[in-house]
Amino acid sequence: MSQSRPATRMPPQTDKPRRFVFVLLENFTLLSFASAVECLRIANRMLDQKAYEWQVVGETGETCESSSGAVFALDGGLEELGRDDTIVICGGLDVQAATTKKLLAWLRREARKGLVVGGLCTAAHTLAKAGLLDGKRATIHWENQDSFGEEFEEVVLTKSVFVVDGNRLTTAGGTSSLDLMLKLIADDHGEETANAVADQLIYSSIRTDQDTQRLSVPTRIGVRHPKLSQVIQQMERNIEEPISPSILARDVGMSTRQLERLFRRYLNRSPKRYYMELRLQKARNLLMQTDMSVINVALACGFASPSHFSKCYRAHYQTTPYRERGSQSTRQPA
C-alpha cells in the first residue's frame, strides 16, 4: 500500500462526478452507510478532485432514524433520477417493514432505466422484493440468510462479504461496505487510489468477493478441534433434514460415544442438544423475519410435526412459536 498522500494523487480529470443516491430505510445500519460515504469522501481527497458526489434521500423526504437512534436530515424524497446515477439502498433492522409499496414502485421504475442498484446490509431483501435480483448472485447479512433463502428462491444467495453481479451490488453489512466501495473506486480510478483510501481508513486487509462474512467455526465456538468443526459444519448445512449423531460420527472417523465425549468436553452439551439449538435458532429467525406459517417453519427446520416443534421451542425460548410470531406486531408487510 502507498504510504504518503501526495504520491497517490492523480491528475485532475474532466469527467463529471459519479453520483451516488443513498436511500435510507427506517432503522438502517449506521456503520454500513457511514463506511460507504466515507470511502467516497476520502477518494475525492486522495484524487484532489470531486470524483464522487452523493445525495441522501428517503421515503419521507425529511428525516430518517438509524437503528442506533441517530436521526439524519434527508436531502429529498424518492424523486426521478438521472440515468448515470447509482442507487444504494441502506437497510438494517426489520427491513421487511421498511420495504414499502411506495419504495418498491419507485425502485422498479428507476431500475428500468438501467441504473446500477446496490443494497447494503439487509437491503438485498428490498432489491429481491422488487424483482431486481432474479437469477443473480447476491448476499445479505448472515442473520437474514435463512429467511432470505426461503422467500427468494430465484436469487443465487452466497455468503460472500459483497457481490457484484452486472449492475446489481449487495453487501453483508457492517464493514463490508468498505470492501465494496474500495472495489468500485479501484475500478473507477485504479488500485493505487483504492489502497490510499484504505490507508486513510486504517483498513489494512481489503476483502474481495471471494471472502465469506462469518467467522470460522473454530473462532465462533472458541474451540480449535478439526473433527468438532467438521461435525458442526455438517449440522449447519443440514438443518431441514437432520443427520443422526451416528452418521455424523462415522463421517469424521469416530464412534458415537467418542463424539458425545467431544461435545461434552468442549461445548458442555450433547451433539443432539447442540443440533437442536441450531435448528431452533433458524426457526426463530424465520418466525421473526418471514410470513411463513408455523408448520412450514417447523418443516424447514427438520421437525416432523408442529406439536413437537412447539414443545421444543417452548422448552428453549420459554414461549411458543405462535406467541413469538404474535410479538412481531410492529411488522408491516410490503
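**Notes on the model: two loop residues and the overall picture**

1. Start with Asp48: its relative accessibility is 49%, so Asp48 counts as partly exposed (partly exposed lies between buried, under 20% relative accessible area, and exposed, over 50%, using a 1.4 Å probe and protein chains only). You'll find Asp48 in the loop that links helix 1 (30-47) to strand 2 (52-57). Its phi is near 55°, a positive value in a residue that isn't glycine.

2. Before going on, keep in mind that this is a predicted model: local features need pLDDT of at least 70, side-chain atom pairs count only at pLDDT 80 or more, and totals for chains, interfaces and linings use all residues. Residues are numbered from 1 along each chain as its sequence is written, and side-chain values use heavy atoms, leaving out hydrogens and water.

3. Now look at Asn268, which sits in the loop between helix 11 (256-267) and helix 12 (271-289). Asn268 also isn't a glycine, yet its phi is positive, at about 55°. Is Asn268 buried or exposed? With a relative accessible area of 66%, Asn268 is exposed.

4. Zooming out, the protein has 15 helices and 10 strands (DSSP runs numbered from the N terminus: helices are H or I with at least four residues, strands are E with at least two). The C-alpha trace spans about 70 × 45 × 35 Å along its principal axes. Of the 334 residues, 47% count as buried.

5. One last thing, on contacts (heavy atoms within 4.5 Å). Take those between residues at least 6 apart in sequence: 65% of them join residues at least 24 apart.
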